[in-house]
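Please look at the model below and keep it at hand while reading the report that follows.

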Amino acid sequence: MKQSVKLIAGNWKMNGEAGGLAEFAALEGDLETTPAPVRVAVCPPATLVDRLARTARAVEIGGQDCHAEASGAFTGSVSGELLAEAGARLVILGHSERRAGCGETDAIVRAKVEGALRAGLEPIICVGETLEQRQAGQTLDVVLGQLTGSLPDALAGTVFAVAYEPVWAIGTGLTPTLDEIEAVHRAIRDGLVSRFGDAGRAPPILYGGSVKPSNAAEILHADEVGGALVGGASLKAADFLAIIRAA
Ligand code: PGA
């Protein structure tokens, strides 16, 4: 099975109120005029999913998290079904800011992935080591452990992506070397193939963590890098477009 087309996803995090709409319009306009040979997604705060989805044609819209259940007494939460109804097609799950900041374990992430699949959303499942873990030589153990624990068997035969995001590279301007990125991406690919057989060759493995216009080309052309999950640099259309055009 061949690897899927590259996916460049923007993660707006808790940003993007009024100013974000103009940036989105600029992004959408540019991609409609000159289509990109990659899939482009924007994951805004949940409140903006509906508004962006109404005008999105060249860009797919995603959520940044979803609850495992479809509905119920879960104050403050948004289900995959609600995101899908608002126009989302994808959802980021297990981002390190949720693992660390909201206590999400592999088991919680796995349940959310099942919820996303039930809602018909394409999950982007994040894994990544902390600086301490990398310095202790535990990177592959941590990443492969998260991969095993966060991916439900229900992913077999579905469309999904994995994002390798070293925690220490997120929002810091620091990035691993290309060799380091390729080593982790190859290990993730091997993990997917041993888990899902030949179908494990299809999911794109995105790199995330301080991707910017100046480093996008080399990262996006590295072995087994199937796209990028972009935080800060996705907030400005010009920067995000430069990354997309580098793919
Ligand atoms: P960054 O964030 O590009 O701002 O480092 C990436 C992410 O958290 O997905």
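Aspartate 223 forms a salt bridge with arginine 186, and their closest N and O atoms are 2.7 Å apart; a salt bridge here is a side-chain nitrogen of Lys or Arg within 4 Å of a carboxyl oxygen of Asp or Glu. Because aspartate 223 lies in the loop between α9 and β8 while arginine 186 lies in helix α8 (residues 178–196), the pair ties together parts that are 37 residues apart in sequence. Helices (H or I, at least four residues) and strands (E, at least two) are DSSP runs, numbered from the N terminus. Aspartate 223 counts as partly exposed at 35% relative accessibility, and arginine 186 is also partly exposed, with a relative accessible area of 39%. In these terms, buried means under 20% relative accessible area, exposed means over 50%, and partly exposed is in between, with a 1.4 Å probe and protein chains only.

This is a predicted model, in which local features need pLDDT of at least 70 and side-chain atom pairs count only at pLDDT 80 or more, while totals for chains, interfaces and linings use all residues. Residues are numbered from 1 along each chain as its sequence is written, and side-chain values use heavy atoms, with hydrogens and water left out.

## Other salt bridges

A search of the whole structure finds 21 salt bridges. One of them joins lysine 13 and glutamate 97, whose closest N and O atoms are 2.8 Å apart. Lysine 13 is in the loop between β1 and α1 and glutamate 97 is in helix α4 (residues 96–101), so this pair ties together parts that are 84 residues apart in sequence. Lysine 13 is partly exposed, with a relative accessible area of 21%, and glutamate 97 counts as partly exposed at 39% relative accessibility.

Arginine 54 forms a salt bridge with aspartate 50, with 3.0 Å between the closest N and O atoms. These two residues are 4 residues apart in helix α2 (residues 46–55), and are therefore separated by about one helical turn. An α-helix has 3.6 residues a turn, so residues three or four places apart point the same way. Arginine 54 is exposed, with a relative accessible area of 64%, whereas aspartate 50 is partly exposed at 29%.

## Around the ligand

How many residues surround the ligand? There are 13, and the closest are Lys13, His95, Glu165, Gly171 and Ser210; a residue is near a molecule if one of its heavy atoms lies within 4 Å of it.

An oxygen atom of the ligand is 2.7 Å from an N or O atom in the side chain of lysine 13, and a ligand oxygen atom is likewise 2.7 Å from an N or O atom in the side chain of glutamate 165. At glycine 232, a backbone N or O atom lies 2.8 Å from an oxygen atom of the ligand. The protein covers 95% of the 280 Å² of accessible area that the ligand has on its own, the areas coming from the Shrake-Rupley method with a 1.4 Å probe.

## The buried face of a helix

In helix α10 (residues 237–245), the buried residues are Ala237, Phe240, Leu241, Ile243 and Ile244. Seen down the axis of α10, they fall within an arc of 160°, so they line one face of the helix; the arc is that of the directions from the helix axis to the C-beta atoms. What covers these buried residues includes β1 (7–11), α1 (18–33), β2 (39–43), α9 (213–220) and β8 (227–230).

## Two buried glutamates

Glutamate 129 lies in the loop between β5 (122–127) and α6 (131–135), and at 0% relative accessibility this residue counts as buried. Its side chain makes polar contacts with the side chains of arginine 134 at 2.8 Å and tyrosine 164 at 2.9 Å. Within protein, a polar contact is a pair of N or O atoms within 3.5 Å, one able to donate a hydrogen and the other to accept it, and residues adjacent in sequence count only if both atoms are side-chain atoms.

Glutamate 224 is placed in the loop between α9 and β8 and is buried, with a relative accessible area of 18%. A polar contact of 2.9 Å joins the side chains of glutamate 224 and arginine 189.

How values were computed:
Contact = heavy atoms within 4.5 Å.
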